[in-house]
Amino acid sequence: QVQLVESGGGLVQPGGSLRLSCTSSGFTLDYYSIAWFRQAPGKEREGVSCVSSSHGISYYADSVKGRFTISRDNLKNTVYLQMNRLELEDTAVYYCAALFGSGYVCNQFSLKPLHPYDYWGQGTQVTVSS
């Protein structure tokens, strides 16, 4: 079965940290650029960050720049989203998405929900609350 699977969500206090993981089954992530999106209740899905398949080039939404770090470990077939200094506004379901292509470079359009990603995960809940 071909799928993306997110993990690592949970409940954290403001200012805390979480690390999300995105892995795949049925295919490897080597030639896929991976993006993280999030969707809060009553809000549209928004792009958070993207890492390219080649050279690990990353791109971030302004709202998370300096707080979140995306990385990939192809040996572990996993992409991570390290989230530090979490804020109440970061509460959402976080999704990862995969786009095939070895020459793709993440950019502002990578964070558009309608960007033609090949696969989407089911999401993991992140709740920031005191």
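The report below takes these topics in turn.

This is a predicted model, where local features need pLDDT of at least 70, side-chain atom pairs count only at pLDDT 80 or more, and totals for chains, interfaces and linings use all residues. Residues are numbered from 1 along each chain as its sequence is written, and side-chain values use heavy atoms, with hydrogens and water left out.

**Disulfides**

A disulfide is a covalent bond between the sulfur atoms of two cysteines. Here the term covers a pair of cysteine sulfur atoms within 2.5 Å. The structure holds two of them. Counting bonded cysteines along the chain, the pattern is 1-3, 2-4.

| Disulfide | S-S distance | S-S torsion | Handedness |
|---|---|---|---|
| Cys 22 and Cys 96 | 2.1 Å | 75° | right-handed |
| Cys 50 and Cys 106 | 2.0 Å | about -55° | left-handed |

Strands are DSSP runs of E with at least two residues, numbered from the N terminus. The link of Cys 22 and Cys 96 is right-handed, with 75° about the S-S bond. This pair ties together distant parts of the chain: Cys 22 sits in strand β3 (residues 18-25) and Cys 96 in strand β9 (residues 92-100), 74 residues apart. Both Cys 22 and Cys 96 are buried. Buried means under 20% relative accessible area, exposed over 50%, and partly exposed in between (1.4 Å probe, protein chains only).

The disulfide of Cys 50 and Cys 106 is left-handed because the torsion about its S-S bond is about -55°. It also links distant parts of the chain: Cys 50 is in strand β5, while Cys 106 is in the loop between β9 and β10 (119-120), 56 residues apart. Cys 50 and Cys 106 are buried.

**Sheet**

Two strands pair if DSSP finds at least two bridges between them. An open sheet of four strands runs in the order β1-β3-β8-β7, with antiparallel pairing. Its edge strands, β1 (3-7) and β7 (68-73), each pair on one side only. From one strand to the next, the twist averages 20°. Axes for such angles are lines fitted to C-alpha atoms, for helices over the stretch in contact, and angles run from 0 to 180 degrees between N-to-C directions. Antiparallel strands β3 and β8 (residues 78-83) are joined by six bridges. Leu 20 stands opposite Leu 81 in β8.

**Pocket**

What lines the largest pocket? The lining consists of Glu 46, Gly 47, Tyr 59, Tyr 60, Ala 61, Asp 62, Gln 108, Leu 111 and Lys 112. Strands β5 (46-51) and β6 (58-60) each supply at least two of the lining residues. The space inside is about 160 Å³. A pocket is an open set of points on a 1 Å grid over the protein atoms alone, where a 1.4 Å probe fits, with protein on both sides within 12 Å along at least five of seven lines; lining residues have an atom within 4 Å of a point. The volume is the space filled by probe spheres set on the points.

**Positive phi angles**

Most residues other than glycine have a negative phi. His 55 has a positive phi of about 65°, although it is not a glycine. His 55 lies in the loop between β5 and β6. With a relative accessible area of 76%, His 55 is exposed.

Asn 77, also not a glycine, has a positive phi of about 55°. Asn 77 is in the loop between β7 and β8. Its relative accessible area is 15%, so Asn 77 is buried.
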